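Please keep the sequence and the structure in view while reading the points below.

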Amino acid sequence: MASKTININLKIWRQKNANSKGSMETYKLDNVSTDSSFLEMLDQLNEQLVNEHKEPVAFDHDCREGICGMCSLYINGEAHGPDRGVTTCQLHMRKFKDGETIYVEPWRAKAFPVIKDLVVDRSAFDRIQQAGGFVSVNTSGRTIDANTIPVGKAEADKAFEAATCIGCGACVATCKNASAMLFVSAKVSQLALLPQGQVEAKQRVLNMVKQMDEEGFGNCTNTGACEVECPKGISLENIARMNREYLKAIVAAD
Amino acid sequence: MSKSGIFTSSLAKKYWMALTGLFLITFLIGHLLGNLQLITKTGEEGRRAFNEYAYFMGHNIFIKILAYATYISILAHACLGLYLAVKNKQARPQKYAHNRPGANSGTASRYMAILGTAILIFICTHMANFWYKQKVAETVPLHYVEVKKVQQGQDPMTGQQITQEYTEIQALTTMGVYFPIGYINPQTHEKEIQIKPEGTKFKDPQSGLVAAEGYKDLHTVVMNFFGQSQQGQPTNQLAVWAVIGYVISMFVLMFHLWHGFVSAFQSLGLNHRKYNKLISVVGKAFAVVVPLLFAIIPVIIYLNR
């Protein structure tokens, strides 16, 4: 199959460091293969910039196969670009037209400050996880095999679906309120649905929501944008589940 | 945690938004059923039914409790909503240079704060036009009717049998009967009120005891406001604008409910595959039908002017 190439214009957010003021810069990039991924296109741009003795564009990436949650980018007004159910590394240049102008911006949220160019600090997510997104299993050698606890298939599937969240932050980026509810609800749900997680369910949801609020994320207004843009298709049902879990926890707090 | 968490956390604020919102949705049903009497019944019968209903709504203790719950809900829903809107704006200090929110969310869902603010302005004008006049300013006239009467008698000079026509003024009282309080002078055509009300109360001139209580004529105030000329009261010259403003406000309410009804259930955690379809269909139907029924009432009053 013969590969097609396109010429594109790029408008990319450039910011030297966390303290400097950034701006949108325009670049022209020719001969981009439509079979290349969006990140490969950025690699090509950086090669061009290095050859011109210019500072390459900093952007997050790691596995480049859609499972690590490292890549981000707000492309043409949408998190992870115009495609559905994919991360930016899985987005292909065939989704763009020849001569098109493509806007590339970092995730925008108070809780996700820009470090450099398109790289943002997503450690707020780590702190939310550390606040309660775990099971305090006794690891002194007398733990039992998880598979000895019976779990219904339907519950297990829901927990697994919630656990597919890769923590990329697209939900925050796309939400008009920069709310982290989809992420936090997925992390609450994956444990609340399983017997191992239910032991600490009340304190977990209280602690994780408290941390979420402290990080400066906005509130959920149920627009549903996060569910649409989530590369893993995490459902709004998880947010409702977290709302239930939290209600249970504050009504029947110890 | 539990004590303060009920009010301070982001999720708890959403519960209060949902609970007050759902309460106000039930309030809309009651308000609509009351308003529909304005067009379902006509003439003196309709006027009487509406004024009696308004009196009942203002005096029944159970309704009074609901009314205070409604005032508190409106204030809480508006204040909390505006607070959340400001907080949500602050959560993204730097805007996107290029954003396509329409690609992943409904329009109504993104403009709830603006729609809500518009509704709040409507509620303020609405209460100034009707609620304030009825409850605070006491500028609503009492429910009077003019009844033509024929008096038979003898002329004291000639001894001839004479019939005299005159118009009696009667007040509708809470006892359910029309109570004569005066007449129209046949010579001067001026109203001669013999029993003047104090507020809504008619007192016995001798004993000073309250003999009867009249109904406020809110029906006539509403009819005049939307362009009808009734009971000799001046018609609102700006009635056409009142009708247009009212109809636009109901469209705003429609969009607010389009997202708000379903959203309230999600905020309270009531999201289940079995019931989502039902909640969505009922919510969207409610969002369209209720504001539409509200809106046709002033239109019909105006067209029948």
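Predicted model: local features only at pLDDT ≥ 70, side-chain atom pairs only at ≥ 80, totals over all residues.

The domain assignment divides chain A into domain 1, covering residues 5-115, and domain 2, covering residues 122-251. For chain B, the assignment gives a domain 1 made of the segments 2-92 + 111-140 + 235-303, and a domain 2 that runs over 144-215.

**Domains of chain A**

- The centres of domain 1 of chain A and domain 2 of chain A, taken over C-alpha atoms, lie 29 Å apart, and the contact between these domains takes 23 residues from domain 1 and 20 residues from domain 2.
- Between them, domain 1 of chain A and domain 2 of chain A bury about 1500 Å², with 57% of this area on carbon and sulfur atoms.
- On the domain 1 side, the residues that lose the most area to domain 2 of chain A are W107(A), A111(A) and F112(A), which together make up 32% of what that side buries.
- The two domains of chain A are joined by 2 salt bridges, and there are also 6 residue pairs in polar contact between them, counting pairs with both residues at pLDDT 80 or more.
- Sorted by class, the side of domain 1 of chain A that touches domain 2 of chain A holds 11 nonpolar, 7 polar and 5 charged residues.
- Within chain A, the side chains of R84(A) and E229(A) meet in a salt bridge, with a distance of 3.3 Å from N to O.

**Domains of chain B**

- In chain B, 42 Å separate the C-alpha centres of domain 1 and domain 2, and 7 residues of domain 1 are in contact with 8 residues of domain 2.
- The area buried between domain 1 of chain B and domain 2 of chain B is about 680 Å², and carbon and sulfur atoms give 51% of it.
- The count of salt bridges between these two domains of chain B is 0, whereas 4 residue pairs, both at pLDDT 80 or more, are in polar contact.
- The side of domain 1 of chain B that touches domain 2 of chain B is made up of 1 nonpolar, 2 polar and 4 charged residues.

**Contact between chain A and chain B**

- Where the two chains meet, 51 residues of chain A are in contact with 38 residues of chain B.
- Chain A and chain B bury about 3600 Å² between them, and 53% of that area is on carbon and sulfur atoms.
- R108(A), N219(A) and N222(A) supply 17% of the area that chain A buries against chain B, which is more than any other three residues supply.
- There are 2 salt bridges between the chains, and R100(B) forms a salt bridge with E78(A), in which the closest N and O atoms are 2.7 Å apart.
- Between chain A and chain B there are 29 residue pairs in polar contact, with both residues at pLDDT 80 or more.
- The elements of chain A that each supply at least two residues to the side touching chain B include β5 (101-105), α4 (170-174) and α7 (201-214), while α9(A) gives the most to that side, with 9 residues.
- The residues on the side of chain A that touches chain B divide into 27 nonpolar, 12 polar and 12 charged.

**Confidence in chain B**

- Chain B has an average pLDDT of 90, and 98% of its residues score at least 70.
- Within chain B, confidence is lowest in helix α1 (residues 2-8), at a mean of 62, and highest in helix α8 (residues 239-267), at 97.

Terms used:
Residues numbered from 1 in each chain as written. Chains lettered and ligands numbered in written order. Heavy atoms only, no water. pLDDT = per-residue confidence, 0-100. Helix = DSSP H or I, 4+ residues; strand = E, 2+ residues; numbered from the N terminus. Contact = heavy atoms within 4.5 Å. Buried area = accessible area lost by both parts, 1.4 Å probe. Salt bridge = Lys/Arg side-chain N within 4 Å of Asp/Glu carboxyl O. Polar contact = N/O pair within 3.5 Å; in protein donor to acceptor, adjacent residues only side chain to side chain. Nonpolar A, V, L, I, M, F, W, Y, C, P; charged D, E, K, R; others polar. Domains from an automatic or database assignment.
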